[in-house]
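Good morning. I will take you through one structure, and I will keep it short.

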Amino acid sequence: MKIEVVLITGRTIKQGMGIYTGKDSVLYRQETETIELNAAVLEGLGVEEGDRVLVKTAFGQGVFTCRKGEVPENVAFIPYGLAGNSLIGAGTSGSGMPSYKGITAVVGRYEDG
Amino acid sequence: MAKVVKNVVCTFCGSLCDDLEIHIENDNITAVKKGCALSRTKYLNAREEVVPLVEGKEASFSAALEAAVEILAHARHLLVYGLSSTCSEAQAAAVALAETLGASIDSTSSVCHGPGTLAKQLVGIPTCTLGEVKNRADVLVFWGCNPVEAHPRHFARYSVLAKGLKVGGRRERKVVVADVRKTATARGADLFLQLEPNGDFEVLTALRALINGKDIVGEGAGGLTRAQLEECSRLLKEASYGVFFFGMGLTMSRGTHYNVSQALALVRDLNKYTRYSVIPMRGHGNVAGSENVLAWQTGYPFAVNFSRGYPRYNPGEFTAVDLLRRGDVDAALVVAADPAATFPGRAAAVLGEIPTVVIDPHYSATAKLARVYLPSAAAGIGAAGTVYRMDMVPLPVKKLLNLPYPSDKEILDMLREGVKKCSGSREAGSTTRKMAGTGK
Ligand code: SF4
């Protein structure tokens with residue numbers, strides 16, 4: 001099963017700390033390779049916290065570890081970082097700013113590809 | 001020898017808390033008092049064992065500098081980028097270097113509050129200092145920002161929890177939070193507006209209508225009910241002194257600068273009824289300074305190009321992500337920023353394809369892609385300088401440690417001297433220098 005969500009990337013305190021422990025550090029990598037989804041969405045996908053999911057957008061794809069988050073069912077949140085950036089397009093609509101928030105993504109179980 | 005340095009300015013985020021106590025032993029930071037989790041991590045990891053690198057191999061500092069000069073002097077269109085985690089003296093040196101080389105210069109602003117700056121140019125901004133927030137503000141709006149995680153001491157020092165002269169602590173302030181997610185900041189709000197993704201513009205427009213005594217069509221907007229919108233407009237109007245803080249939720253969502261323009265227009269409308277100010281929640285320690293320095297030296301806050309010998313401004317054309325995506329630049333100089341870890345994958349990858357020079361105290365993700373890496377002494381740790389808080393108040397930062405490398409400013413000055421010797425500079429004909437009375 002796959003679900004369509006609106007992807008938001010953003011700051012978390014662990015991601016902020018990870019900037020200074022180094023982008024190779026366990027803290028940074030664990031935090032930035034995590035996706036927060038609503039509990040009902042996790043259930044719908046048949047995955048639990050800690051399981052891996054494949055996230056695809058029009059610009060790229062990546063594997064993320066699930067975390068239960070206080071997000072609406074149609075929203076997924078990924079902390080800013082190298083992993084999340086692979087899902088973001090480099091177009092800026094003439095503003096200089098890419099769409100780091102509010103783009104469409106499809107999330108499915110990693111095993112299902 | 002052990003010592004304690006008091007009243008240290010933390011340069012992690014735009015709050016620039018100036019009360020840190022840093023404990024130093026044998027030129028190493030051993031403890032950070034009064035800080036937050038972010039500042040403690042930053043200062044306890046301040047000393048990183050790094051070496052200059054050319055093509056990934058260890059080199060002497062002078063050899064790396066020479067290799068960097070070669071790249072910069074031979075670039076046809078250089079991008080100078082970053083500047084938000086260094087002091088304003090280094091930012092000024094970067095502008096001078098960009099001008100000498102006819103380069104494009106852009107700061108991390110373009111991927112954080114740049115759209116807010118465009119909106120300021122369109123609408124204008126009534127603003128105030130964080131001191132006024134602390135002493136006077138009884139209604140605080142946090143729109144699309146999450147200070148509990150991104151600016152952890154903001155509430156205690158300047159806003160929600162601060163005890164001011166005219167307004168006491170939390171009980172005397174009303175807090176409105178607008179966000180797509182129920183963040184840690186939203187959990188403590190008196191009124192939480194849970195927006196639909198990309199619903200900001202619609203909600204701000206509806207609030208403007210209600211505040212101006214007009215009705216809205218339909219039963220709500222942007223994920224909010226009519227009742228929620230009415231409650232919010234009432235609460236906003238009841239302020240004696242309101243302050244509207246905003247973050248990436250506005251600048252990174254669809255509409256970017258239009259979202260912020262609408263927020264600024266809302267605050268302009270509110271000023272017909274009561275006193276309101278706006279402060280962007282600046283992320284990096286001195287990103288506000290980068291806009292100030294660029295504006296006073298070139299007339300423009302970011303996305304500036306010097307290829308014609310005078311500064312031109314065009315976000316969307318001279319912004320870093322656009323220049324890289326389109327392949328418009330053939331070399332890059334990155335100072336005190338890590339675009340390889342913050343730009344969309346496609347734009348970041350270009351930094352590994354073109355010759356890139358990195359000046360950074362840390363061996364960053366961008367340094368790993370770079371042709372030349374020049375380690376530096378970080379401003380506020382290994383070098384003194386000036387930084388600007390999110391409310392544009394300048395603060396001096398101290399040198400705390402003796403680090404083995406020069407400061408960002410010193411390195412940028414050395415590079416400029418180097419390229420001037422290496423190639424005929426375009427500086428003599430520079431319009432900005434003539435206008436500033438320094439053209440020779
Ligand atoms: S809130 Fe920001 S400036 Fe203040 S101590 Fe924490 S990271 Fe540093």
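In chain B, the C-alpha centres of domain 1 and domain 2 lie 34 Å apart. Keep in mind that this is a predicted model. The domain assignment of chain B gives residues 51–110 together with 285–430 as domain 1, and residues 114–280 as domain 2. Domain 1 therefore takes two stretches of the chain under this assignment, and those bounds come from an automatic or database domain assignment.

How many residues of domain 1 of chain B are in contact with domain 2 of chain B? Eleven, and they touch 15 residues of domain 2 of chain B. The area buried between domain 1 and domain 2 of chain B is about 920 Å², with carbon and sulfur atoms giving 60% of that. On the domain 1 side, the residues that lose the most area to domain 2 of chain B are R389(B), M390(B) and D391(B). Together these three make up 53% of what that side buries. The salt bridge count between domain 1 and domain 2 of chain B is zero.

Next, the two chains. Here 49 residues of chain B are in contact with 38 residues of chain A. The area buried between chain B and chain A is about 3,300 Å², and carbon and sulfur atoms give 61% of it. How many salt bridges are counted between chain B and chain A? The count is three. One salt bridge joins the side chains of K368(B) and D24(A), at 2.8 Å from N to O.

Last, the ligand. Which cavity does the ligand take up? The space taken by the ligand is the largest cavity. The residues surrounding the ligand include C10(B), C13(B), C17(B) and C36(B). Also in that shell are F12(B), L16(B) and L38(B), as well as S15(B) and S39(B). H151(B), P152(B) and R153(B) complete the list. By type, the shell around the ligand divides into eight nonpolar residues, three polar and one charged.

That is where I will stop.

How values were computed: Residues numbered from 1 in each chain as written. Chains lettered and ligands numbered in written order. Predicted model: local features only at pLDDT ≥ 70, side-chain atom pairs only at ≥ 80, totals over all residues. Heavy atoms only, no water. Near = heavy atom within 4 Å. 1 Å grid on protein atoms, 1.4 Å probe; cavity = no way out; pocket = protein on both sides within 12 Å on 5 of 7 lines; lining within 4 Å. Sits in = over half its atoms within 2 Å of the grid points. Nonpolar A, V, L, I, M, F, W, Y, C, P; charged D, E, K, R; others polar. Contact = heavy atoms within 4.5 Å. Buried area = accessible area lost by both parts, 1.4 Å probe. Salt bridge = Lys/Arg side-chain N within 4 Å of Asp/Glu carboxyl O.
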